[in-house]
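Me: I would like to go through a model feature by feature. Please show me how to read each one.

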Amino acid sequence: MKKYLLEILMFSAYALFAASWVSGAILTPAIQSSFGEEGFANATWGSNVITIAKIVGNLAAAALLMRLGAKRAFAIAILLIAAGGFGALAGSYGAWLMSRLALGLGGALAIVYFAPVVLHYFAAEERPLINGINAAAFNTGNLLALLTTTALLSWLGSWQSVVVLYGVMVLALGVLWWLTAENFPLSGGGDRPAETYGFAEGCKEGFNWWLPLAYCGVLFCYIAVFALFPLIDGFAAASHHLSAVMIAAGMVGTVAGIIVTKRYALRLPVLRFGGLALVVFAALMVTSRDPLIAYTAAALAGFCMFLPMTALVTLPQELPGMTPAKITVTFAMFWSISYGVETVLMYAAGLLADFTGEPATAAYFAVACSASLFVFSFLLPESGKKSELENLEADNATA
């Protein structure tokens with residue numbers, strides 16, 4: 001049962017990381033006001049420092065895992081996430097941003113460590129389910145923040161108390177992690193030689209570049225939904241309602257993605273269908289003048305955004321010769337490059353909104369960028385293989 005307990009702790013820690021991030025984004029007006037800050041582009045820095053930290057943290061994750069082992073490495077991630085919560089006690093806007101930097105570093109480490117833990121503890125037939133659950137961790141925390149931040153603010157009386165609460169909960173998870181976690185061999189088995197696969201080897205593989213480029217536009221659109229959309233007026237429905245609907249539907253999409261990945265062997269068709277449908281429905285969501293159509297499109301966009309996620313994170317684990325060390329480098333590069341591009345796109349969206357004087361242009365830009373999954377999926381390898389039954393049916397149909 002240890003593997004399930006470790007999974008619950010990792011999932012919960014990352015979900016609380018997301019909740020702390022999103023609650024900070026929701027509370028941006030109050031935070032800016034308390035520090036005497038203003039400006040749309042300036043407001044994006046509360047999220048941008050987190051994404052910048054994720055770029056650095058993702059790259060550092062592999063080195064920390066190799067040097068410290070899984071137990072200590074993830075413990076550091078938890079401490080950094082908690083520090084991001086306690087940073088609400090900062091006395092200046094700059095200090096607050098530094099606490100967001102720590103939060104981002106912790107989240108960066110945590111998400112990279114999902115992959116080697118799943119690869120080590122769970123059998124191949126179990127991984128689609130666990131990968132799908134892990135893919136929903138951020139969404140779970142996001143939804144938690146969307147549904148509770150206003151109520152918590154009213155109950156606790158200040159934005160600082162809301163964010164600190166998340167820090168306290170993460171620290172409690174850290175204690176449980178330290179008492180139950182263990183290190184494990186990163187070479188894929190105790191009888192195998194030490195793994196020497198590092199970033200030098202990872203950078204030579206085209207797959208490690210195409211995978212994050214496929215995801216970066218979707219990531220930007222997703223973060224824009226909760227970081228930018230609530231700051232934009234003029235949609236057919238309230239922007240924060242669109243965010244909640246889209247994210248809630250994403251939870252359903254995650255479940256559907258798990259089912260599809262377990263039942264359907266090929267990965268790329270799922271990525272292409274979900275990627276193309278996301279662009280169509282997201283565009284309808286932000287351009288429709290009818291509230292009912294906007295809400296429906298938001299739900300379908302959220303569903304299609306998360307439908308391919310299980311297939312996306314399962315695909316690398318199915319490649320020949322994959323080990324915990326290799327998958328750590330793959331996902332370190334994946335998240336680092338994805339967040340690097342997303343950070344540039346997010347700030348560009350803020351500048352675009354300030355330059356045009358129309359905040360809605362930031363939303364249109366985010367939707368256009370979400371096409372990355374569909375476009376770059378054509379450069380990814382297919383890790384799944386049709387079953388003998390599927391091949392026989394295809395041959396019969398051709399005949």
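Reply: Start with F86, which lies in helix α4; helices are DSSP runs of H or I of at least four residues, strands are runs of E of at least two, and both are numbered from the N terminus. This is a predicted model, in which local features need pLDDT of at least 70 and side-chain atom pairs count only at pLDDT 80 or more, while totals for chains, interfaces and linings use all residues. Residues are numbered from 1 along each chain as its sequence is written, and side-chain values use heavy atoms, with hydrogens and water left out.

Me: Is F86 buried, partly exposed or exposed, and why?

Reply: Buried means under 20% relative accessible area, exposed means over 50%, and partly exposed is in between, with a 1.4 Å probe and protein chains only. F86 has a relative accessible area of 31%, so F86 is partly exposed.

Me: Which residues make the nonpolar surface patch?

Reply: Patches are made of residues with over 30% relative accessible area and no salt bridge; nonpolar side chains (Val, Leu, Ile, Met, Phe, Trp, Tyr) are joined within 5 Å, like charges within 9 Å. Areas come from the Shrake-Rupley method with a 1.4 Å probe, and for residues only the protein chains shown count as cover. Here L79, F86, L89, V168 and L171 make a patch of about 460 Å². Helices α4 (45-86) and α8 (159-180) each supply at least two of its residues.

Me: How many salt bridges does a search of the whole structure find?

Reply: A salt bridge is a side-chain nitrogen of Lys or Arg within 4 Å of a carboxyl oxygen of Asp or Glu. The search finds three.

Me: What does K3 pair with?

Reply: K3 forms a salt bridge with E126, and their closest N and O atoms are 3.3 Å apart. K3 lies in helix α1 and E126 in the loop between α5 (93-121) and α6 (127-135), so the pair ties together parts 123 residues apart in sequence. K3 is partly exposed at 22%, and E126 is partly exposed at 22% relative accessibility.

Me: Where does K2 make its salt bridge?

Reply: The side chain of K2 meets that of E182 at 3.5 Å, N to O. K2 is in helix α1 (residues 2-26) and E182 in the loop between α8 and α9 (199-202), 180 residues apart.

Me: Is R267 buried or exposed?

Reply: R267 has a relative accessible area of 5%, so R267 is buried. R267 forms a salt bridge with E318, with the closest N and O atoms 2.6 Å apart. E318 is partly exposed, at 30%.
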